[in-house]
Structure formats: C-alpha cells, structure tokens
Amino acid sequence: MTILNINAATNQAIAGLKIKEENVDEDYLYYFLVSLKDGVQQIGRGVAQNNINMSILKNMIVPLPPLAEQQKIAANLDKVTDLIDLHKKQLEKLDQLVKSRFIEMFGDVIQNNRGWKTHKFSDIATSRLGKMLDAKNKLGNTHFRIWLILMCSGSDLI
C-alpha cells in the first residue's frame, strides 16, 4: 500500500482511492488501512496475491476522530515508522558486521582458504525433517537443535 503523488495508470487489481471529504487526513487514512492489512489479506482471494473485492473496501467502517486528532495520530505514527526504518537499517549494518567478523575470524569457509580438514555433513551431525516434533506439545525432541537451512549459493553466505 502506498500513496502516489503522481498520475498513474493501474490494472484492475489496484484500488485507487480519492478522499471525498475535507475532514479526512490522507496520512491517517493510510495508517488506518495499513493497520487492516493482515485481516484484509486473510479475506482476500487470488492466486499470485490476495485481492479484496470493491464491495468489501467500500463497506469498511472507518473511525473518524476530529481532523486535528487524525493529524496528531498520523504524525505520531510517522515518528514510529521513522524509528522502525532506522532500526531496520541498524540491523542490516549489524548483520553485515557479523558476516565481516566471521570471515575475519574463520576465513572464507566455502573456498576453505585456511585449508581446514573437511567432513561430510552426515559424518558430523544427524539431520531430520519436521518428523522430530512432538505433535501434541509442538516441542522439538531435546536431542536436536533445529536450524533452518535455506538453499543459497556460496556468495550468499558471506
């Protein structure tokens, strides 16, 4: 969801909104709609992405405090959004730092530029798919630490 400040052409899956009343703050309405995103996605339909039909959108109930209160709410949410963005950037930099520090300490483990002895994974660890979970308690077997391993290329690891 975004607010466009330009003229644009869209396809039928995009709902363009134009505020009809002067007592509605654009940013307040944006944040209100963003707050409904998860719920709307659950009722949406579609193959590649969920869409909601226009009648659902038109019949949504929007709480409208006085305009000054809407602007105050939107300004506060702008500040929170800015903080979230700042923290995301900080986390990205910390992630890069961890990767750099790892390479500094252990070298490039994919190229094994330190010449360390290598072993087949199955020789040093037991692996299992989701079968190790206790279905009743949703707990992992205490003998296994669960690691999420994603398919990636060697360059993705550094």
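Okay, let's start with phenylalanine 106, which counts as partly exposed at 33% relative accessibility. On that scale, buried is under 20% relative accessible area, exposed is over 50%, and partly exposed is in between, with a 1.4 Å probe and protein chains only.

Quick housekeeping: this is a predicted model, so to speak of local features we need pLDDT of at least 70, side-chain atom pairs count only at pLDDT 80 or more, and totals for chains, interfaces and linings use all residues. Residues are numbered from 1 along each chain as its sequence is written, and side-chain values use heavy atoms, with hydrogens and water left out.

Back to the rings. A search of the whole structure turns up 3 aromatic pairs. Rings of Phe, Tyr and Trp (its six-membered ring) pair if their centres lie within 6.5 Å; planes under 30 degrees apart are stacked, over 60 edge-to-face, and the rest tilted. One of the pairs is tyrosine 30 with tyrosine 31, edge-to-face at 5.3 Å centre to centre and 65 degrees between the planes. Buried or exposed, what do we call tyrosine 31? Buried, at 16% relative accessibility, while tyrosine 30 is partly exposed at 24%.

Phenylalanine 102 and phenylalanine 106 have ring centres 4.9 Å apart and planes at 45 degrees, so that pair is tilted. Both sit in helix α4, 4 residues apart, about one turn of the helix. Helices here are DSSP runs (H or I, at least four residues), as are strands (E, at least two), numbered from the N terminus. Phenylalanine 102 is partly exposed too, at 39%, and ring pairs tie Phe102, Phe106 and Trp116 into a cluster.

Now the charges. How many salt bridges does the whole structure have? The search finds 2, taking a side-chain nitrogen of Lys or Arg within 4 Å of a carboxyl oxygen of Asp or Glu. Lysine 99 meets aspartate 95 at 3.3 Å, N to O, and both lie in helix α4, 4 residues apart. Arginine 101 meets glutamate 104 at 2.3 Å, N to O; those two are 3 residues apart in helix α4, about one helical turn. Glutamate 104 counts as exposed at 55%, whereas arginine 101 is partly exposed at 41%.

Last item: Glu26, Asp27, Asp78, Asp82 and Asp85 form a negative surface patch. Patch residues have over 30% relative accessible area and no salt bridge, with like charges joined within 9 Å and nonpolar side chains (Val, Leu, Ile, Met, Phe, Trp, Tyr) within 5 Å. Helix α4 gives the largest share, 3 residues. Aspartate 27 is in helix α1, partly exposed at 33%.

Definitions and conventions:
Accessible areas come from the Shrake-Rupley method with a 1.4 Å probe; for residues, only the protein chains shown count as cover. Lys and Arg count as positive and Asp and Glu as negative; His and the chain ends are not counted. The place of a charge is taken as NZ of Lys, CZ of Arg, CG of Asp or CD of Glu.
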